[in-house]
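This report was prepared for a reader who wishes to inspect local features of a protein model. Please view the sequence and the coordinates together before reading on.

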Amino acid sequence: MKIASFQHGGVDDVGIVRPDGIVPLRALAPDAPTSMREALEWLPGRDLDADAAEPSAVLPLDAVRYLPVVPDPQSIWCAALTYLSHVREGGDRPVPDYPLFFLRVANSQVGHEEPMLLPAVSSQLDYEGELAVVIGTRGRDIPMESALDHVAGFACYNDGSVRDWQRHTSQITMGKNFDATGGFGPWLVTPDEFGDPAGHRITTRLNGEVMQDTTVDRLLFPIEYLIHYVSTVSTLEVGDVIVTGTSGGVGLRRNPPVFMRAGDVVEVEIDGIGTLRNPIAPAPAPASGGFRAYHPTIAEES
Ligand code: MG
């Protein structure tokens, strides 16, 4: 089953994706929720037949505004340096002993077909095509053996990265959290439909040109271990997202570097899910006059 978060008529909703359109859950059950997080709690055990929906209830796929698959997760855990090709393209970097994680905030995300915004303070917005894992059953200290039982589904993620801000300090978080820089979509695909993640191919295209191309089985740390590792630290809640990291081919590491510009179109396609497509557009000009760097005056403490 494919489940989408979307807006229709200005109202947020959630529904089942068919080849010809989206059926809002409420068209199948009047008491159904209207958000993905609630739907992930509500759906298990229910026998909904989206094919039996009234034709008038089916919204054409291009008639909705897509929201991030989970618009409001409690946490978005993003893994980095999880593909050898990406470790190696960064120079003489060792394979890390543990997965490197940073967090994204919810308003850094955008849905399918929504513009990813090029910040006013940078011209270094880069793409990172990745597989996102959405948690469906909360848990802490989740063993690897049962980790996939906690997964509600999979989606495409574009971990859009503002490279110069990512490198202001040794902590990359700032460059990963500009508003509307993380594409998340087009929808969630449940594990029964997605099957074994291992063989699935992830392809990133910029203006139609393939920039990244890998398969999930090349992950240095398997999905089960990423869930085990994060849940050792923090309870994973329903709707939480683990973004599994990117492969080689990012724009920063190309010669010359390739950064996305207004008017570009970036796509992340994962077989079994579909294609997350985002145009690139400039962010609104800052109302306040914009950012000015502040550097501390060094005075020795006595
Ligand atoms: Mg990434």
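The text below treats a metal site, the backbone and the surface in turn.

The model is predicted, so local features need pLDDT of at least 70 and side-chain atom pairs count only at pLDDT 80 or more, whereas totals for chains, interfaces and linings use all residues. Residues are numbered from 1 along each chain as its sequence is written, and side-chain values use heavy atoms, with hydrogens and water left out.

**Metal site**

A magnesium ion has E128 (OE), E130 (OE) and D159 (OD) as its protein donors, at 2.0 to 2.1 Å. Donors are here N, O and S atoms within 2.8 Å of the metal (3.2 Å for Na, K and Ca); because water is not among the atoms, sites may look incomplete. Along the chain, the spacing of these donors is E-x1-E-x28-D. E128 counts as buried, at 5% relative accessibility, and E130 is also buried, at 0%. In these terms, buried means under 20% relative accessible area, exposed over 50%, and partly exposed in between (1.4 Å probe, protein chains only).

**Backbone**

Elements are named from DSSP runs numbered from the N terminus: helices are H or I of at least four residues, and strands are E of at least two. The table lists the cis peptide bonds at G185 to P186 and at N255 to P256 with their omega values and the places of the prolines.

| Cis peptide bond | Omega | Place of the proline |

Positive phi values in residues other than glycine occur at E113, near 75°, and at A180, near 55°. E113 belongs to the loop between β7 (109–110) and β8 (116–118), and its relative accessible area of 36% makes E113 partly exposed. A180, by contrast, is buried at 11%; its loop runs between α3 (163–166) and β13.

**Surface**

L84, V95 and L220 make a nonpolar surface patch of about 200 Å². Patch residues have over 30% relative accessible area and no salt bridge; like charges are joined within 9 Å, and nonpolar side chains (Val, Leu, Ile, Met, Phe, Trp, Tyr) within 5 Å. A salt bridge is a side-chain nitrogen of Lys or Arg within 4 Å of a carboxyl oxygen of Asp or Glu. L220 is partly exposed, at 31% relative accessible area, and lies in the loop between β15 (209–215) and α5 (223–233).

Terms used: Accessible areas come from the Shrake-Rupley method with a 1.4 Å probe; for residues, only the protein chains shown count as cover.
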